[in-house]
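Please open the model in your viewer and follow the selections below in order.

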Amino acid sequence: MNASVSRSIQIRALTKEYKKGVPVLKGIDLDIPGDGITAIIGPSGTGKSTLIRCINRLIDPTSGQILFQGQDLAQLSGVALREARRRIGMVFQEYNLVERLTVMENVLTGRLGYVSAFNAWLRRFPKQDIDEAFALLDAVGLGEFVNQRADGLSGGQRQRVGIARAIMQRPEILLADEPTSSLDPKTSVEIMEIMAAMAGKRNIPIIVNIHNVALAKRFCQRMIGMSDGKIVFNGTPAELTDTHLKEIYGGEDWLE
Amino acid sequence: MTASATRVAFPANWPLRIGWLLLAVYVVWATSQLDVTWTRFVEGIANAQKFLSRMFPPNFEPEKMQMIVKGLAESVQIAVIATVVGIALSLPIGLMAARNLMPAWVVWPARALIAVCRSFHEVVIAIIFVKAVGFGAIAGIGALVVGSIGFISKLFAEAIEEISPKQVEAVRASGAGFFSVLTYGVLPQVFSRFLGFASYQFDSNLRHSTMIGIVGAGGIGGSLFSAFQRFDYDFVCAILISIIALIILAEVVSSYVRALFNDNLALLDFFRNRRAARLSREKAAAMVAS
């Protein structure tokens, strides 16, 4: 079985209601391929973040299935859920680094699913993990910052640490929730490049929520348009026309 | 123009005004109830003059000094033991009382325990312990442990409730178990504040430990109380001066410990200008970041 099949996700009739009777996700049916980068675009508040967080269960869906490698992620709990989370990396909009930990400690957070709590507390990680953390930090250009605390870094540097932390999990899929929305345009492109390169090298498919349509078209092989809790577009960047964008975001005055 | 005539930028808050008025009335009434009068105050001043003149010079004779050192040493021992044990117990209790990490059936028993520990002043708890386990340091330690639990657990729980959930979310997303989430996602966020609480609690345990001796729970308080009863005021003065010196010393040490952990200050920086040192470090960090 090749990687692209084993790392795909099938979502079936997924709904999420934060308040009873007010669904944010309205029965999502979606196949996400097991390779390349899939972008999810859509207006704010349409449930993109909720969808992505249902996959690694930072949010519990109300009903539906999320099938990944023969498991229904929506049904997992306890140890099984933690073991599934280990295989799913995540990059966050506001980086979500632990501010008072060093860059190295933040990156090794990616191994917490594999190291016992006691050993982790004493910072006793396997040598292989530590070597890999050094290599990843060199690769994202932060080799000089290993022992610096995360709260002293700039936004772009933080997100690089965030990517290294996610890759450190040796994940089988990478989720990215608005990874560039807090960054300037140039840094945004750099972050997307790093993420695409690191995941590409390791055959990790990426699912990324993104506001910047141009950036999405530039990096992604597949685009999914969401509007009002439903999927309204699913195709390649070339297939995405202004008509689709109008349907996704509503109105047309904002289109150039 | 018409709108500005009807709109009020600072509307009068009558309930608040009435509240202040009621407070003022109550203070005046309570004063009259308690025989707080000017003549009574003037009589008191004359008495205080006599008392103060008998306090000086303080009596630091060698045998008195020996008593002071012995009493203070016992107070310090009580305070250190009570703080260490109290904090060790407060950590899990405070954690259990944090509503953002624990289910309600864990939170409410923990909060009830904290509320009970907080209900009484240390001296009252010390009286109970003296009655229960007899005179001596063990009663004092017990009393201060209970007091520490009431104070530290509550502050610790509140600190945990104020942490950023984003950092915790990221650690959870990596597949970390509960205890790893605690040590990597929660503790780093609260550690410096917790250190502040702990050093403050040591400070206040030290002060309490000089006092609980009055009810027979060990420490310098016992000597102080009996000196008062013997009208041995120059010895009282010596004891008070020694306590002040001890508290100042503890304050200096604890502020250094805090600075050491919070800001990674070197020992030399502490004796130089700490503020200047911090500013220059922040500047350096900002330059690295930009």
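Begin by selecting A:Asp129, A:Glu132, A:Ala133, A:Leu136 and A:Leu137 in H6(A), which meet A:Ala164, A:Ile167 and A:Met168 in H7(A); contact means heavy atoms within 4.5 Å. Helices (H or I, at least four residues) are DSSP runs, numbered from the N terminus. By class, this contact of H6(A) with H7(A) has six nonpolar, no polar and two charged residues (Ala, Val, Leu, Ile, Met, Phe, Trp, Tyr, Cys and Pro count as nonpolar, Asp, Glu, Lys and Arg as charged, and the others, Gly among them, as polar).

This is a predicted model, in which local features need pLDDT of at least 70 and side-chain atom pairs count only at pLDDT 80 or more, whereas totals for chains, interfaces and linings use all residues. Residues are numbered from 1 along each chain as its sequence is written, chains are lettered from A and ligands numbered from 1 in the order in which they are written, and side-chain values use heavy atoms, with hydrogens and water left out.

Next, select H8(A), residues 185–201, together with H7(A), residues 155–168: their axes lie 10 Å apart at an angle of about 15 degrees (axes are lines fitted to C-alpha atoms, for helices over the stretch in contact, and angles run from 0 to 180 degrees between N-to-C directions). H7(A) and H8(A) are therefore roughly parallel to each other, as angles under 35 degrees count as such.

Finally, display chain A with chain B: 37 residues of chain A are in contact with 23 residues of chain B. Two salt bridges are counted between these chains (a side-chain nitrogen of Lys or Arg within 4 Å of a carboxyl oxygen of Asp or Glu). Select B:Glu169 and A:Arg53, whose side chains meet in a salt bridge (2.8 Å, N to O).

Note on methods:
Helix = DSSP H or I, 4+ residues; strand = E, 2+ residues; numbered from the N terminus. Parallel < 35°, antiparallel > 145°, perpendicular 65-115°, else oblique.
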